[in-house]
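Me: I would like to go through some labels and ask what each one rests on. Please set the values against the cut-offs.

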Amino acid sequence: YSSTLGCFSDSSVCLDTFFCYCCQVGRQCAALRGESDTHDCGNCMLTVFCAEFMPMCLRCKVSDKFELGESAVTSCICGVFCSACSVCMTARELNFRGSNPGGCCCKPADSTHQLS
């Protein structure tokens, strides 16, 4: 993963997460299933009611899928206490790995950039 406080390194993902938090989480869930730049309305609505739980689960799934070596405890702490930054980090990781979640409000940065 990129650094926890690196959520501002990609301004388009940062803005999209700020203005469309639930939709960005839904898009990331779709990207994990291999559906790039697709909106997942069900997970978006689930995030409305489980705002901290969904990023925590998403972060665990991304860590497992890409074998990032992050512990479940770290994923839980970041997902619950830094949920917006965690969503930005997960979007950047998905972009970097070629699983583009896309964006609702802003065009995501090119996925070829280095994680910071």
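Reply: Helices here are DSSP runs of H or I with at least four residues, and strands are runs of E with at least two, numbered from the N terminus. By that numbering, glutamate 67 sits in the loop between helix 4 (53-65) and helix 5 (72-81). The model is predicted, so local features need pLDDT of at least 70, side-chain atom pairs count only at pLDDT 80 or more, and totals for chains, interfaces and linings use all residues. Residues are numbered from 1 along each chain as its sequence is written, and side-chain values use heavy atoms, leaving out hydrogens and water.

Me: Why is glutamate 67 called exposed?

Reply: Exposed means over 50% relative accessible area, buried under 20%, and partly exposed in between (1.4 Å probe, protein chains only). Glutamate 67 has 72%, so it is exposed.

Me: What is the phi of aspartate 37?

Reply: Phi of aspartate 37 is positive, about 50 degrees, although the residue is not a glycine. Most residues other than glycine have a negative phi.

Me: How do you know that the buried residues of helix 3 line one face?

Reply: Asn43, Cys44 and Thr47 are buried in helix 3. Seen down the helix axis, the buried residues fall within an arc of 105 degrees (taken from the directions from the axis to the C-beta atoms), so they line one face.
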